[in-house]
Amino acid sequence: MSEAAEDTRVYSYDAFVCYCEDDRRFVLDVFSCHLESEFHLRLCVQDRDWLFGEEVLKNFAHSVENSRKTVLILSNAFAVSPWSHFEMTVAQSRFIEDDQDSLVVVLLEDIAECNMNPMLKLQLKQRNHIEWTEHRVGQRMFWEKLRYVLTRPSRSLIDVVPPRELFRSVELSA
């Protein structure tokens, strides 16, 4: 991949964190606290960084535009929230429109089948995601994977070389 395909813009934040209200304590007390103190990342978190009195949509658009990455914290509560679906749609459209691999998916828990919609199923099927765990060793791996993904430059989706398994030999019938 060419160097020009990387996103070289300067952002106010390393990542904007999208989450539902039910996951607020995890995001504020665990997620952002760890990433900011241990890895010195700059996160945009709506409950802390949004301008009071500003329209929600303006705050949201400003957060996405001024963040190198967008992190979706997926949980069952997120899966059933109409606002969370809107956030996911906007994040996905930026991902496609900017041709940058800027979307990071964190799976906070297994999503019940009854809470899955087609867009969420597709998101989990097509994108790698990082799974949260309550196990100490697993958490160390979680934080390291997340640090790696959040600190590497966003890259073009178009210039990405497809996985080798897509090029399996195919017999042509005469």
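Helices here are DSSP runs of H or I with at least four residues, strands are E runs of at least two, and both are numbered from the N terminus. By that definition, Trp-83 sits in helix H5.

This is a predicted model, in which local features need pLDDT of at least 70 and side-chain atom pairs count only at pLDDT 80 or more, while totals for chains, interfaces and linings use all residues. Residues are numbered from 1 along each chain as its sequence is written, and side-chain values use heavy atoms, with hydrogens and water left out.

**Overall layout**

The protein has seven helices and five strands, and from the N terminus they come in the order β-α-β-α-α-β-α-α-β-α-β-α. Of its 174 residues, 46% are buried, where buried means under 20% relative accessible area, exposed means over 50%, and partly exposed is in between (1.4 Å probe, protein chains only). Take the contacts (heavy atoms within 4.5 Å) with a separation of 6 or more: 76% of them join residues 24 or more positions apart.

Strand E1 (residues 13-18) is mostly covered, with six of its six residues buried.

| Partner of E1 | Bridges | Residues facing each other |
|---|---|---|
| E3 (residues 67-74) | five bridges | Tyr-13 and Ser-67 |
| E2 (residues 43-45) | three bridges | Phe-16 and Cys-44 |

**A nonpolar patch**

Back to Trp-83: together with Val-56, Leu-57 and Phe-86, this residue forms a nonpolar surface patch with about 340 Å² of accessible area. Patch members have over 30% relative accessible area and no salt bridge, and nonpolar side chains (Val, Leu, Ile, Met, Phe, Trp, Tyr) are joined within 5 Å, like charges within 9 Å. A salt bridge means a side-chain nitrogen of Lys or Arg within 4 Å of a carboxyl oxygen of Asp or Glu. Helices H3 (56-65) and H5 (82-97) each give the patch at least two residues. Trp-83 itself is partly exposed, at a relative accessible area of 30%.

Asn-117 is in the loop between strand E4 (103-107) and helix H6 (118-126). Its relative accessibility is 18%, so Asn-117 counts as buried. A polar atom of the Asn-117 side chain lies 2.6 Å from the backbone nitrogen of Leu-120.

Methods. Areas by Shrake-Rupley, 256 points an atom, 1.4 Å probe, with all protein chains shown as cover. Polar contact = N/O pair within 3.5 Å; in protein donor to acceptor, adjacent residues only side chain to side chain. Pairing = 2+ DSSP bridges.
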